[in-house]
Amino acid sequence: GGDDLLRALALLPDGRIAAVGHRTNAAGDQDFSLAVFTSDGALDTSVGDAGIFSFDITPGRDDEARSIAVDPMGRLIVSGGSSDGTALGFAVLRLVL
């Protein structure tokens, strides 16, 4: 493990809260992360791994989600970047909870 960092929040149509940023994986790299909270602020353990999803967009690189939006159908659009320290790429995910 390591540091977790929150970058952005979105209110979901059902009142839950989605938060994105990064988590440090066992290899020491950062991964896109999405945490889902109930309307009262507790992690929603019915989704992901105890309420948290992590995505290793590019193995061996630091990946970080920086923004989140909810489309009219309630799907999440998450965007961010991936870096190896010298080059920076971008990634966009569309997720259904």
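Here are some notes on this predicted model, taken point by point.

1. Start with strand E2, which covers residues 17-24. Six of its eight residues are buried, so E2 is largely enclosed by the rest of the structure. It's a handy place to begin, since the next two points both involve this strand.

2. On one side of the story is strand E1, residues 4-11, which pairs with E2 in the antiparallel sense over seven bridges. If you want a spot to check on screen, look for Asp4, which stands opposite Arg23 in E2. The two strands make a hairpin with five residues between them. In that turn, Gly15 has a positive phi of about 95°.

3. Then comes strand E3, residues 30-37, which runs antiparallel to E2 and is joined to it by eight bridges. Here the pair to look for is Ile17, which stands opposite Phe37 in E3. E2 and E3 also form a hairpin, again with five residues between the strands. The glycine to look at in this turn is Gly28, with a positive phi of about 95°.

4. Now for the charges: the structure holds six salt bridges. One of them brings together the side chains of Arg7 and Glu64, at 3.2 Å from N to O. Arg7 lies in strand E1 and Glu64 in strand E5 (residues 62-70), so this contact ties together parts that are 57 residues apart in sequence.

5. What else does Glu64 hold on to? Arg66 forms a salt bridge with Glu64 too, and the closest N and O atoms are 2.9 Å apart. Salt bridges that share partners therefore join Arg7, Glu64 and Arg66 into one network. Arg66 itself is partly exposed, with a relative accessible area of 47%.

6. Another salt bridge links the side chains of Arg16 and Asp44, at 2.9 Å from N to O. Arg16 is in the loop between E1 and E2, while Asp44 is in the loop between E3 and strand E4 (52-55), so the contact ties together parts that are 28 residues apart in sequence.

7. On aromatics, the count comes to one pair. Phe53 and Phe55 form this pair, and it is stacked, with 6.3 Å centre to centre and 15° between the planes. Phe53 is partly exposed, with a relative accessible area of 25%. Phe55 counts as partly exposed too, at 25% relative accessibility.

8. Last, the largest pocket, which has a volume of about 150 Å³. It is lined by 13 residues, and those nearest its centre are Asp4, Leu5, His22, Ser33 and Ala35. Asp4 is the residue from point 2 that stands opposite Arg23. Which strand gives the largest share of the lining? That is E2, with five residues. E1, E2 and E3 each supply at least two residues of the lining. By class, the lining has eight nonpolar, three polar and two charged residues.

Notes: Residues are numbered from 1 along each chain as its sequence is written. This is a predicted model: local features need pLDDT of at least 70, side-chain atom pairs count only at pLDDT 80 or more; totals for chains, interfaces and linings use all residues. Side-chain values use heavy atoms; hydrogens and water are left out. Buried means under 20% relative accessible area, exposed over 50%, partly exposed in between (1.4 Å probe, protein chains only). Helices (H or I, at least four residues) and strands (E, at least two) are DSSP runs, numbered from the N terminus. Two strands pair if DSSP finds at least two bridges between them. A salt bridge is a side-chain nitrogen of Lys or Arg within 4 Å of a carboxyl oxygen of Asp or Glu. Rings of Phe, Tyr and Trp (its six-membered ring) pair if their centres lie within 6.5 Å; planes under 30 degrees apart count as stacked, over 60 as edge-to-face and the rest as tilted. On a 1 Å grid over the protein atoms alone, a cavity is a set of points where a 1.4 Å probe fits but cannot get out, and a pocket is an open set with protein on both sides within 12 Å along at least five of seven lines; lining residues have an atom within 4 Å of a point. Grid points are joined across faces, edges and corners, and a volume is the space filled by probe spheres set on the points. Ala, Val, Leu, Ile, Met, Phe, Trp, Tyr, Cys and Pro count as nonpolar, Asp, Glu, Lys and Arg as charged, and the others, Gly among them, as polar.
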